[in-house]
Amino acid sequence: GWPRRVAGLLLWIHVAVSFAINSQAICSSLDRQVFHKVTKFDLHQKHGLRWLVLTSLVSVSSYFVANAVPFFKDLLALIGALTSVPLTLLLPGLYLRRYLEVSLWCPTTTTMWSYLLVLFSLAFLVCGVFGALGS
């Protein structure tokens with residue numbers, strides 16, 4: 001019925017706005033690193049047209065990747081397992097141990113929490129990867 005169509009439209013608007021916000025950082029980095037050097041069609045001078053072409057390429061490629069992979073949900077779970085734990089738990093513990101100039105595998109009384117964080121995050125990473133691969 002019509003409530004389901006309205007809910008679908010609102011969900012589509014939400015996803016479109018979220019994609020637009022998140023893709024801005026990717027497009028900005030691509031423009032800074034690579035795309036500002038493109039001289040074809042005088043794009044290095046036409047900033048608005050260059051941004052339109054770049055964001056269109058990112059949007060179309062994202063659409064094709066999302067629809068071309070038949071097991072996208074499983075791929076997303078694996079990517080989440082491989083990136084979320086290292087970025088949020090493992091790297092802070094490793095960076096602290098590096099900053100304090102202590103050995104990675106030798107806990108001391110002052111660095112016990114970072115040691116436990118590294119061990120926990122490695123175990124959590126392994127569980128996440130096996131869970132994503134097993135589903």
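This is a predicted model: local features need pLDDT of at least 70, side-chain atom pairs count only at pLDDT 80 or more; totals for chains, interfaces and linings use all residues.
Good morning, colleagues. Let me begin with the description of packing. Two packed helices are described by the angle between their axes and the distance between the axes.

The opening pair is helix 1, residues 2-33, and helix 2, residues 47-68. Their axes lie 10 Å apart, and the packing angle is about 120°. Helix 1 is therefore oblique to helix 2. The crossing of helix 1 past helix 2 is right-handed.

Which residues of helix 1 and helix 2 meet? From helix 1 come Phe19, Ser23, Gln24, Cys27, Ser28, Leu30 and Asp31. Facing them from helix 2 are Arg50, Trp51, Leu54, Thr55, Val58, Ser59 and Ser62. By residue class, this contact of helix 1 with helix 2 holds 6 nonpolar, 6 polar and 2 charged residues.

I turn now to the largest pocket, whose volume is about 180 Å³. Its lining consists of Phe19, Asn22, Ser23, Ile26, Val58, Ser62, Val65, Ala66 and Phe72. Helix 1 and helix 2 each contribute at least two residues to that lining. Of the lining residues, 6 are nonpolar and 3 are polar, with no charged residue. Phe19, Ser23, Val58 and Ser62, which line the pocket, also take part in the contact of helix 1 with helix 2.

Finally, consider helix 3, residues 72-99, and helix 4, residues 112-134. Their axes come within 9 Å and cross at roughly 170°. An angle over 145 degrees counts as roughly antiparallel, so helix 3 is roughly antiparallel to helix 4. The residues in the contact of helix 3 with helix 4 comprise 20 nonpolar, 4 polar and 1 charged.

Thank you for your attention.

Note on methods:
Residues are numbered from 1 along each chain as its sequence is written. Side-chain values use heavy atoms; hydrogens and water are left out. Axes are lines fitted to C-alpha atoms, for helices over the stretch in contact, and angles run from 0 to 180 degrees between N-to-C directions. Helices (H or I, at least four residues) and strands (E, at least two) are DSSP runs, numbered from the N terminus. Angles under 35 degrees count as roughly parallel, over 145 as roughly antiparallel, 65 to 115 as roughly perpendicular and the rest as oblique. A crossing is left-handed if the near helix is turned anticlockwise from the far one by less than a right angle, and right-handed if clockwise. Contact means heavy atoms within 4.5 Å. Ala, Val, Leu, Ile, Met, Phe, Trp, Tyr, Cys and Pro count as nonpolar, Asp, Glu, Lys and Arg as charged, and the others, Gly among them, as polar. On a 1 Å grid over the protein atoms alone, a cavity is a set of points where a 1.4 Å probe fits but cannot get out, and a pocket is an open set with protein on both sides within 12 Å along at least five of seven lines; lining residues have an atom within 4 Å of a point. Grid points are joined across faces, edges and corners, and a volume is the space filled by probe spheres set on the points.
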